[in-house]
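Trainee: I have a model open and want to go through it before the group meeting. Can we start with the chain contacts?

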Amino acid sequence: MAAIFSGAPPQGGPGYSFNQTPRTAPSGLRQHHGFYPYTDNGGSTLGISGADFTILAGDTRSTSGYNINTRYAPKLFKIGGEGPDNKNARIVLSVVGFAADGDALKERLDTIVKMYKYQHGKEMSVAACAQRLSHILYNKRFFPYYVHAILGGLDEEGRGALYSYDPVGSYEREQCRAAGAAASLIMPFLDNQVNFKNQYEPGSGTGHDLQAKVAAPLPRDTVEELVRDAFTSAVERHIEVGDGLQMMIITRDGIQETLTPLKQD
Amino acid sequence: MNHLPQAWGRPRDDVYGAYDHSHFQTQLPNQHTQSPIVTGTSVVAAKFKDGVVIAADNLASYGSLARFTDVKRLRKFNDEVVVGFGGDVSDMQYLDRLLNSLDIRENYSNNENPLHAKNLHTYLAKVMYKRRSDFDPLWNHLLVTGLDGEKKPFLASVDLLGTTFSSPTLATGFGAHLAQPILRRTIPDEDAVANVSQEEAVKLVQECMKVLFYRDARSMDKYSIAVITTSGVELKQDEKLENQSWAFAERIRGYGTQVN
Amino acid sequence: MTSIGTGYDLSNSVFSPDGRNFQVEYAVKAVENGGTAIGIRCKDGVVLALEKLVTSKLQKPDANKRISTVDRNIGIVSSGLLPDGRHFVSRARDEAASWRSLYKAPIPTSALANRMGSYAQAYTLYSSVRPFGVTAIIGGWDSEAELPVDGQVGSGPKVGAGGKKEDGKHGGPFLYMIEPSGLYWGYYGAATGKGRQVAKSELEKLNLSEGGLSLEEGVKEAARIIHVAHDDNKDKEFELEMTWISSLDGPTKGRHEEVPKELREEAERLAKKSLEPEDDDEEEEKMQE
């Protein structure tokens, strides 16, 4: 049926009176696609891993353009815990970008990690969860989840583990990562303060004699301080960041969650 | 007549030009809603200490034409949930029928735990997200109001992209610009909710409806308002804005008697 | 003529020489063993009642409901094979839903009875299937109000043509009974199952066609009839299950619902009292003395 009514006359076939007749339909208004399935809900997240802990943080503002949708929309989610509050979870996912995709991604990863536990009788390792998350994102690369994800937990040696992702699943284990609206403001700060970029040993000389300061895992209170400073600064300079700071600190004792106010302007 | 059967019964290309086969839709992708047609404007809602108030006017516009003036945009789902619809009216009617069938199925068994507002919000969020992911969106912005599983006030929104958020006060469309700041003045955060009475909340929302009528060109002065508390849903669909005062216009150039 | 050994009873779709379908008649036998189910069409609603035989003390009392809701305003109670009854109800729900998606309005009880009659009848035609082992009673209230189309948002024009005839009768209570053959009739009172003969004669005494019986009275009569029809000697334990559908301004607001516990217990108390004539006699005798 479709072949008969496929439109253009048979290849090379004549049949019509004039050769000059248009062979393709004019492209008019009907052609264009008016629906764009994404939006940016603003906000920022960051994660830093230490020797025996990982911290994930995100602001709680949700925006649509210049509007604030709500002052409390969490971007940090416990993954694979028990019950509606995800008790005893050991993995945290943070998502920033398009919030609906973020929620959908969170829900998928959460059910997968839970199913893993039910089927294998043990918790999924952070490394396995990290790779699984990459696959979820990559599988949808032609219609991506428009989010920057950061996954945090403790690795099998008990060290802080932090993985960061692009929207189509490329991922890497890092010491620290900032994502979202204020990533460009926070990341250079973290480079300098966590990985000691552009910091040198005092008195090591000048020029080529300069000795780069060697990065080492930072203590927990230092890291918490860094996170707070990073966000209070970002709030000053970025309109999509503010309202509240949600932090999750993953240690061998579990996940400790805090919520502190940020400026609402 | 042509000897090619393919050409029979069709407009002659030499006379009418090539036929636009996108009308025929054989192999082309389905055409989905690319823009809303008949639309409703803002929905506003606010929590108070033992429930939620929600309001929307009774107008459905066709572009700039005030086309239907008795359109009910608040839908009572059961004794503890009301959904408010902004955006395309035909998609709202579809969702209404969807909720109807859901309600019928829920009541096959004499349910001890009926669906509460949080359940319904989750359900609607998944419907909306699925449709946007199929590139066939339901062109609406919804507010879901009522009581959650613990009989506490619940207020959350879903839009055509499936984006969800919750807040002590919410307003869709123009209301996000005009009503939300007014609402936030009285109810800035979740803690403030406990200090707001039902009367205050109703007055606040009515005030917002008035401001919206003054300034939103696609609004009208007839509106619906619903109050959801533990004692049930009180839905009024034929309200009219009272005590309008255009005195403020006096000071605005182009509105009042001032000419230049 | 007996069917045994003739071979005419081995398949659906085969008539015996004297024009009977034995498979259907056997299905009727299955129904005759089920607990009594009745329906009463009152002037302002419909009552459905069932003698639910308790097959095990390990079953939770008041659980495992047997009277089902279809759409919002229709109930079905059946007697016979339980799983057949469930499938029958499931089909009725699908019919009601498909009617809604086509017409954007609830299915009238008569239309549902018609469709379910056709459905049951189809199971008498083919050798690959067997007839339903149930007789179902369908009770419903068709709304007397001007119903909005599903999804309608406005109230429509206030002037002009259209709408319903002013003085006509719209909606009301309806009661149908469908048998395994697919045969169905509308009834004032319907009974099926073990105690149907007793129940029918009790129903006849109510003069239902005169339309005098109110819904509340109907509930009490239904409870009484189920108790009267129950054979204490053969079946010891049973539970009374009752549902009702009233008019829009009645107690259920046009919806099919379970009869409230208090009302059901009151009706059952009265039913039991009416079954103990000895007490009254004794009292009377005492009075005479």
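Trainee: How many residues of chain B are in contact with chain C, and how many of chain C with chain B?

Mentor: This is a predicted model. In it, 14 residues of chain B are in contact with 16 residues of chain C.

Trainee: What area do chain B and chain C bury between them?

Mentor: About 1,300 Å², with 46% of it on carbon and sulfur atoms. On the chain B side, R97(B), I104(B) and Y108(B) supply 44% of the area buried against chain C, more than any other three residues.

Trainee: And salt bridges, what is the count between chain B and chain C?

Mentor: The count is 1. D103(B) pairs with R72(C), and their closest N and O atoms are 2.8 Å apart. By class, the side of chain B that touches chain C has 5 nonpolar, 4 polar and 5 charged residues.

Trainee: Which pair of chains has the most contacts?

Mentor: Chains A and B, among the 2 pairs that touch. Chain A and chain C have no contact joining them, and their closest C-alpha atoms lie 25 Å apart.

Trainee: Switching to chain A, what is its secondary structure?

Mentor: Chain A has 4 helices and 12 strands. Of its 265 residues, 48% count as buried. Taking contacts in chain A between residues at least 6 apart in sequence, 61% join residues at least 24 apart.

Trainee: Back to chain C. Where is T124(C)?

Mentor: T124(C) sits in the loop between α3 (109-122) and β5 (134-142) of chain C.

Trainee: Why does T124(C) count as buried?

Mentor: Because its relative accessibility is 10%, and the cut-off for buried is under 20%.

Trainee: What does T124(C) touch?

Mentor: Leaving out residues up to four places away in sequence, T124(C) touches N12(C), S13(C), N21(C), V24(C), P131(C), P180(C) and S181(C). A polar atom of the T124(C) side chain also lies 2.6 Å from the backbone oxygen of Q121(C).

Trainee: What does UniProt list for residues 8-30 of chain C?

Mentor: The unreviewed UniProt entry lists "domain: Proteasome alpha-type subunits" for residues 8-30 of chain C. In the model, that stretch is 39% helix and 0% strand, with its end C-alpha atoms 19 Å apart.

Terms used. Residues numbered from 1 in each chain as written. Chains lettered and ligands numbered in written order. Predicted model: local features only at pLDDT ≥ 70, side-chain atom pairs only at ≥ 80, totals over all residues. Heavy atoms only, no water. UniProt positions renumbered as here; feature names shortened; annotations may be inferred. Helix = DSSP H or I, 4+ residues; strand = E, 2+ residues; numbered from the N terminus. Contact = heavy atoms within 4.5 Å. Buried area = accessible area lost by both parts, 1.4 Å probe. Salt bridge = Lys/Arg side-chain N within 4 Å of Asp/Glu carboxyl O. Nonpolar A, V, L, I, M, F, W, Y, C, P; charged D, E, K, R; others polar. Buried < 20%, exposed > 50% of the residue type's maximum accessible area, 1.4 Å probe, protein only. Polar contact = N/O pair within 3.5 Å; in protein donor to acceptor, adjacent residues only side chain to side chain.
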